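The sequence and structure come first.

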Amino acid sequence: MELKLWLPILIVFGMAESLGTSKDWSIKVPSKIPVLQGSCVDIPCRYKYPKTKKILNRWRGFWKRGNTLVASSFPSLKLTDEFHKRTRMSGYLQSGNCSWQLFGVRTTDTGPFHFRIELPQHKSNSFLKNMVTLNVFRVPAPPVMTVAVQDKVTATCTVTHVCPSSPPKFSWNHYGKRETKSKKPANKWLWKTTSTLTFTPEESDFNKPIICTVTFFGRKTTKGSVIPVKKKSN
């Protein structure tokens, strides 16, 4: 017998990606990303520039909100107090990767943000038509829970998030073998992490809630529970 308890999962906004092209310039970024306040977000970005026979060895990448610089490929470049020590460019510009990270997300971090690339030996471009907006929410959704009862009890606890570099942590109120795995679904910015608890049940374990607590980067938490029911004998 298998009992499943499904709890609401995070409502995902703006799953469409922004793909822009102009005179051989192109960029692929998500248009909207939902992110938990206080947590972090990895914003994927890929770009291409017009072909050239010139030898390029200088690359400058910048992420901006209007005229405000929020991240750059120069770690020593001073940012405003608002973004100081909260962002970093994580992509390798030479290979067309313009990804960046934002930590300690605030309600004011909605953007919109755009990327600018400068190739001093070639050309430069600001992708003003391909903005990224963050939908910042305050309360994390409860995890999706399942439980299966065979010779052993197997319970799973699943959440989605947008920060694979700092994934959520799981804890259970029951002993047993614990395993955590992350995977990326169809889109390129939303991640799914699942914790699985497996144990051999005793009589006292049935009809009692198994509780999973999830702690996100930034220390916000959410909980879910399932109740294992003993299989009936034939």
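## Disulfides

Cys45 and Cys98 are both buried (buried means under 20% relative accessible area, exposed over 50%, partly exposed in between, with a 1.4 Å probe and protein chains only). The two cysteines are joined by a disulfide, S to S 1.8 Å (a disulfide is a pair of cysteine sulfur atoms within 2.5 Å). The link is left-handed, with -75° about the S-S bond. Cys45 sits in the loop between S5 and S6, and Cys98 in the loop between strand S9 (87-89) and strand S10 (100-102), so the pair ties together parts that are 53 residues apart in sequence. Strands (E, at least two residues) and helices (H or I, at least four) are DSSP runs, numbered from the N terminus.

By the sulfur cut-off, the count is 3 disulfides. Cys40 bonds to Cys163, with sulfur atoms 1.9 Å apart. The torsion about that S-S bond is about -100°, so the disulfide is left-handed. Cys40 lies in the loop between strand S4 (32-36) and strand S5 (41-43), Cys163 in the loop between strand S15 (153-161) and strand S16 (169-172); the pair therefore ties together parts 123 residues apart in sequence. Cys40 is buried at 1% relative accessible area. Cys163 is buried at 2%.

Cys157 and Cys212 form a disulfide with sulfur atoms 2.1 Å apart. Its torsion is about -80°, so this disulfide is left-handed. The link connects distant parts of the chain: Cys157 is in strand S15 and Cys212 in strand S19 (residues 210-215), 55 residues apart. Cys157 is buried at 0% relative accessibility. Cys212 is buried at 0% as well. With the bonded cysteines numbered in sequence order, the pairing reads 1-5, 2-3, 4-6.

## Whole chain

The chain has 0 helices and 20 strands. Of its 234 residues, 42% are buried. Among contacts (heavy atoms within 4.5 Å) with a separation of 6 or more, 61% join residues 24 or more positions apart. The chain exposes about 13000 Å², and carbon and sulfur atoms supply 52% of that area. Areas come from the Shrake-Rupley method with a 1.4 Å probe; for residues, only the protein chains shown count as cover.

## Strands and sheet

Strand S3 (residues 25-30) has 5 of its 6 residues buried, so it is largely enclosed by the rest of the structure. S3 runs antiparallel to strand S6 (residues 46-48), with 3 bridges between them. Two strands pair if DSSP finds at least two bridges between them. Ile27 has Tyr47 of S6 as its bridge partner.

Strand S11 (residues 114-118) is joined to S12 by 3 bridges. Arg116 stands opposite Ser126 in S12.

## Arg58

Where does Arg58 sit? Its place is the loop between S6 and strand S7 (60-65). Arg58 is partly exposed, at 40% relative accessible area. Its C-alpha atom is separated by 6.2 Å from that of Leu119, 61 residues apart along the chain. Leaving aside neighbours within four places in sequence, Arg58 contacts Glu118, Leu119, Pro120 and Gln121.

## Basis

Residues are numbered from 1 along each chain as its sequence is written, and side-chain values use heavy atoms, leaving out hydrogens and water. In this predicted model, local features need pLDDT of at least 70 and side-chain atom pairs count only at pLDDT 80 or more, while totals for chains, interfaces and linings use all residues.
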